[in-house]
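Reader: I'd like to learn how to read a model like this one, feature by feature. Can we go through it together?

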Amino acid sequence: MGQIQLKQVTKSFGDVQVIPPLDLTIEDGEFTVFVGPSGCGKSTLLRLIAGLEDITTGHIEIDGTDATALVPAKRGLAMVFQSYALYPHMTVRKNIAFPLRMAKMDQAEIDKRVEGAASVLNLTDYLDRRPGQLSGGQRQRVAIGRAIVREPSAFLFDEPLSNLDAALRVGMRMEISELHKKLDTTMIYVTHDQVEAMTMADKIVVLQAGVIEQVGSPLELYRAPRNLFVAGFIGSPKMNLINGAEAGKHDATTIGIRPEHIDVVQSDGKWQGTVGVAEHLGSDTFFHIHNTGLAETLTVRAIGDVSLRHGDTIHLNPRLDEIHRFDAQGLRIA
Amino acid sequence: MATKASRSAARLMMAPAVVLLLGWMLVPLIMTLWFSFRTYLPLRGGDQGWTGFDNYVRFVTSSAFWPAVQTTLIIVVGVLIITVVLGVLLAMLLDQPMWGQGVVRILVIAPFFVMPTVSALVWKNMFMDPVNGLFAHLWRFFGAEPVSWLSDAAMPSIIMIVSWQWLPFATLILLTAIQSLDSEQLEAAEMDGAPKLKQFYYIILPHLGRAITIVILIQTIFLLAIFAEIFVTTGGAFGTRTLSYLIFQRVLESQNVGLGSAGGVYAIILANIVAIFLMRIVGKNLDN
């Protein structure tokens, strides 16, 4: 079990309110990702749930019981920190066993659980090493192991992959997703990387300045961003946002179209411009296009390797049914 | 950078300092060794020639030798225990965010800047004087008989004075060590269900291990040679005669340079044994 409910939760540091009243429900077994630019309050929100920070007003309920005043250890949540926060003077085995020792568990049971966690995480060969002798990915797994053995009702991850290199990050992303499928436990994951959010989440919570901008599944956010912020934040490369006359044609203040929804044509395109930088990824090519008269630059995805050079004129056709329309307040027009 | 020319230039430029330091160390050492093998009584006939190992035998067989060794060890161990324990507690206290942190930290460090002679005099006259001392006033205020600290409780008094001087050093080193502790580790321990006391035992104390060893090593080397505090307060009486004070008495009060020099050689050997012993512990600790 691991349903977490936030009711009218606020957090202030002195006079500064970093989280205005906020309601959120995280269902049992759900993989929820808090995503937003740095300083948006997502880590603070996670720490409020963990109990590492006291909430200023409001209530937190875990499985229907009020946990607002409970100390972190009593909430039944386990956290994986950005710096891993392993205990450097203890071996991997002792690190993983630490929460169980604190709970005064029977030694035989501790050994059983530690061995179990180690085999799940491929750490069996490293149990007698110290954290200093492990690579970044292995340390990450030890931190996860320390969380798993407690059999918590929910896992909290605070940007756990930000200290890893790109290749390892993709691997760990898969491992954490696999782990979620295997354990079927609630997980809350904080990241500033929208790719991590899109690939891992059942539910994404987009935050800006402590305010929830939108909650939904990855594809809901991709297909129907509720406002300009979400539209610009979700999706890579970013959605093209166009103001002015072109937007007026669609009865909107701003229109948005994703790079993958603009087709490159040989001639007679609806829009045209000159090619700037081209990013060749092999499978796709991203063109940055100038002088379109629409926006400063337009990003366009072309499938495969398209042979257009810097300075060439390019013809474009937007897919009209993929255009997102926003009003003067930046809200989506249905 | 390290061409042949630059290396020999570096050697040339370092030479004066090296020669000076070497001379500074070697000349007294050789003179001590030289005198320790001679009968040299400046006021009773001067240098009277070689005596072999007589001085060495006399120094260790004298009834004052073993008590002096014992006194030295008691002072060193006592001061170490007090400074390390209080140092850890003070460092944790100073690590807490509080109003006027900067000023408080400077005040805590201040005793380290007071010269040993001065601080011993201040303690002797201001605090421990049995008639006018602050402690005497305090005792009388509660209706108790004032204690003559430096005669009735001479060893505890000296340990107290020396601890007061060295506590800032221990606190300072331990404070910097505590500040380097990743706060996420404490938070992780909190999430793992460790109460404050266990967080201290399992996280903070192991983190401080290295700093504590360094404090013990450095303090031991200096504490083996404390002199001014004893000279100013008890003058070596009431069981406060340490090894270094015994050597001083042999040379200056008994006017026996040969005997004192032999004691000096023993002190060198003792200090080196302690240093080797401690270096091995530190080396082991630093490896992990």
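Reader: Let's start with strand pairing. Which residue stands opposite Ile62(A) in β5(A)?

Author: Strands are DSSP E runs of at least two residues, helices are H or I runs of at least four, and both are numbered from the N terminus. Two strands pair if DSSP finds at least two bridges between them. Here, Ile62(A) faces Thr65(A) of β5(A). Strand β4(A), residues 57-62, pairs with β5(A) in the antiparallel sense, over two bridges. Bear in mind that this is a predicted model, where local features need pLDDT of at least 70, side-chain atom pairs count only at pLDDT 80 or more, and totals for chains, interfaces and linings use all residues. As for labels, residues are numbered from 1 along each chain as its sequence is written, while chains are lettered from A and ligands numbered from 1 in the order in which they are written.

Reader: Got it. What is the strand order of the open sheet of four strands in chain A?

Author: Reading across, the order is β2-β1-β4-β5 in chain A, with antiparallel pairing. β2(A) (16-26) and β5(A) (65-66) are the edge strands with a single partner each, so one side of each has no neighbour in the sheet. Helix α1(A), residues 42-50, packs on this sheet and touches β1(A) (4-13), β2(A) and β4(A), its direction making about 115° with that of β1(A). Touching is a matter of contacts: two residues are in contact if their C-beta atoms, placed from the backbone, lie within 7 Å. The angles run from 0 to 180 degrees between N-to-C directions, with axes fitted to C-alpha atoms, for helices over the stretch in contact.

Reader: Now burial. How many residues of β3(A) are buried?

Author: A residue is buried if 20 or more other C-beta atoms lie within 10 Å of its own, exposed if 12 or fewer, and partly exposed in between, again with C-beta atoms placed from the backbone. In β3(A), residues 31-35, five of five are buried. In a regular strand, side chains alternate between the two faces of the sheet. On one side of β3(A) sit Phe31(A), Val33(A) and Val35(A), on the other Thr32(A) and Phe34(A), and all are buried.

Reader: Which strand is joined to β3(A) by five bridges?

Author: That's β8(A), residues 186-191, running parallel to β3(A). In that pairing, Val35(A) stands opposite Thr191(A). β3(A) also pairs in the parallel sense with β9(A), residues 203-208, over four bridges, and there Phe34(A) has Val205(A) as its bridge partner.

Reader: And a case that isn't buried: why does Ser254(B) count as partly exposed?

Author: Because it has 13 C-beta neighbours inside 10 Å. Ser254(B) lies in the loop between α12(B) (243-253) and α13(B) (257-287). Its C-alpha atom is 9.6 Å from that of Leu43(B), 211 residues away along the chain.

Reader: On to helix pairs. At what angle do α3(B) and α8(B) cross?

Author: Angles under 35 degrees count as roughly parallel, over 145 as roughly antiparallel, 65 to 115 as roughly perpendicular and the rest as oblique. The axes of α3(B) (65-95) and α8(B) (154-179) come within 6 Å and cross at roughly 40°, so this pair is oblique.

Reader: What about α2(A) and α3(A)?

Author: The axes of α2(A) (92-102) and α3(A) (107-120) come within 10 Å and cross at roughly 130°. They are therefore oblique too. The contact involves Arg93(A), Ile96(A), Ala97(A), Leu100(A) and Arg101(A) from α2(A), plus Ile110(A), Arg113(A), Val114(A) and Ala117(A) from α3(A).

Reader: Last one, the chain interface. How many residues does each chain bring to the contact?

Author: Chain B brings 13 residues and chain A brings 15. On the chain B side, α9(B) (183-191) and α10(B) (196-223) each supply at least two, and α9(B) gives the most, with six. Here Ala, Val, Leu, Ile, Met, Phe, Trp, Tyr, Cys and Pro count as nonpolar, Asp, Glu, Lys and Arg as charged, and the others, Gly among them, as polar. The side of chain B that touches chain A has five nonpolar, two polar and six charged residues.
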